[in-house]
Amino acid sequence: GAKDGKVLWQKNVGKDFGAKSSNPGWGLACSPLVLGDRLLLDLGKAIALDKKTGALVWSSGTELAAYSSPTLTKVGGRTFMNCFTPHGLVLVDVANGKELARARWETSYDVNAASPIESGGRIFVSSGYGKGCGLFEVKGSALELVYESKKMRNHCNSCVLLGGNLYGMDGQMGGRGALACLDFATGEMKWQEKGFAPGGIIVADGMILAMCDKGELVVAEASPEKYTELARAKV
């Protein structure tokens, strides 16, 4: 509890729910998502728990876990989990665990790690190892591919969507890459600044805060017009 720090409940997702990583050496990386009285997990199989008790509400699917965390999409008044499994994008009804649609998205080593990004019934996914990115649109009980390209290859960290544009790290962790801005709807590259060692980014107060994997912090304007660097420091 928040007042005394006592554990209210705990679960071992491997022992209690049979969750296994697509690569056991890399473990599990899903962050839980709270929605109402549910706690949602994307562990290859989608899982919903009662957030107050930890009791299993439903479990859906039998896949191994990738490394993504769930996001949400609303379709026809219903809410679905966007699950990015080792083999693709799967939409699961949060009310009962029933699958609505799926689309294949294969990446080397089964690494689909960046979380899907939804806007207006369209869902953006991106993966590393040269795979690239794609945008899917929900059409009834199907996911229709709008575009696919290699202009944004998120290895681990998700892009950030702001004002219809995606800001993200294109490239492999431990290597060289680029900070890039992509049009969400069309996949058009707005700008790309090379020379980044990919890490993680957030956007706040109109600024990109990019932490590169060697500990360098870069601050730049979150604008689709051009790359404008404001500060850089080894922190």
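A salt bridge here is a side-chain nitrogen of Lys or Arg within 4 Å of a carboxyl oxygen of Asp or Glu. Count them up by that rule and you get 12 salt bridges. Before you click on any, know that this is a predicted model, where local features need pLDDT of at least 70, side-chain atom pairs count only at pLDDT 80 or more, and totals for chains, interfaces and linings use all residues. Residues are numbered from 1 along each chain as its sequence is written, and side-chain values use heavy atoms, with hydrogens and water left out.

**Stop 1: a charged trio**

Select Arg-102 and Glu-63. They form a salt bridge, with the closest N and O atoms 3.1 Å apart. This pair ties together distant parts of the chain, 39 residues apart: Arg-102 sits in strand E8 (residues 99–104), while Glu-63 is in the loop between strand E4 (56–60) and strand E5 (71–75). Strands (E, at least two residues) and helices (H or I, at least four) are DSSP runs, numbered from the N terminus.

Is Glu-63 buried or exposed? Buried means under 20% relative accessible area, exposed over 50%, and partly exposed in between (1.4 Å probe, protein chains only). At 17%, Glu-63 counts as buried, and Arg-102, at 44%, is partly exposed.

Glu-99 is partly exposed, at 43%.

**Stop 2: a bridge between two strands**

Next, pick Arg-232 and Glu-216. Their salt bridge has its closest N and O atoms 3.1 Å apart. Arg-232 belongs to strand E20 (residues 229–234) and Glu-216 to strand E19 (residues 216–221), so the pair links distant parts of the chain, 16 residues apart. Arg-232 is partly exposed at 38%, and Glu-216 is partly exposed too, at 26%. Back at the first stop, shared partners join Glu-63, Glu-99 and Arg-102 into one network of salt bridges.

**Stop 3: the nonpolar cores**

A nonpolar core is a set of buried Ala, Val, Leu, Ile, Met, Phe, Trp, Tyr and Cys residues joined through side-chain atoms within 4.5 Å. In soluble globular proteins, nonpolar side chains tend to be buried together.

Which residues touch the most other members of the largest core? Select Leu-179, Ile-201 and Ile-208: they do, out of 16 residues. Strands E14 (165–171), E15 (177–183), E16 (189–196), E18 (207–211) and E19 each supply at least two residues of this core. Apart from it lies another core, of 13 residues, including Leu-100 and Phe-136.

Zoom in on Ile-208 and show its contacts (heavy atoms within 4.5 Å). Beyond its neighbours within four places in sequence, these include Tyr-167, Leu-179, Trp-191 and Val-218.

**Stop 4: a buried lysine**

Go to Lys-45, in strand E3 (residues 45–50). Lys-45 is buried yet has no salt bridge, and the nearest side chain of opposite charge, Asp-42, is 11 Å away. For charges, Lys and Arg count as positive and Asp and Glu as negative, with His and the chain ends not counted. What lies 2.8 Å from a polar atom of the Lys-45 side chain? Show the backbone oxygen of Phe-17.

**Stop 5: two positive phi angles**

Finish in two loops. Tyr-129 has a positive phi of about 55° although it is not a glycine. Find Tyr-129 in the loop between strand E10 (122–127) and strand E11 (132–139), where Tyr-129 is partly exposed at 29%. Asp-205 also isn't a glycine, and its phi is positive, near 55°. Look for Asp-205 in the loop between strand E17 (200–204) and E18; at 74%, Asp-205 counts as exposed.

Key:
A polar contact is a pair of N or O atoms within 3.5 Å; within protein, one must be able to donate a hydrogen and the other to accept it, and residues adjacent in sequence count only if both atoms are side-chain atoms.
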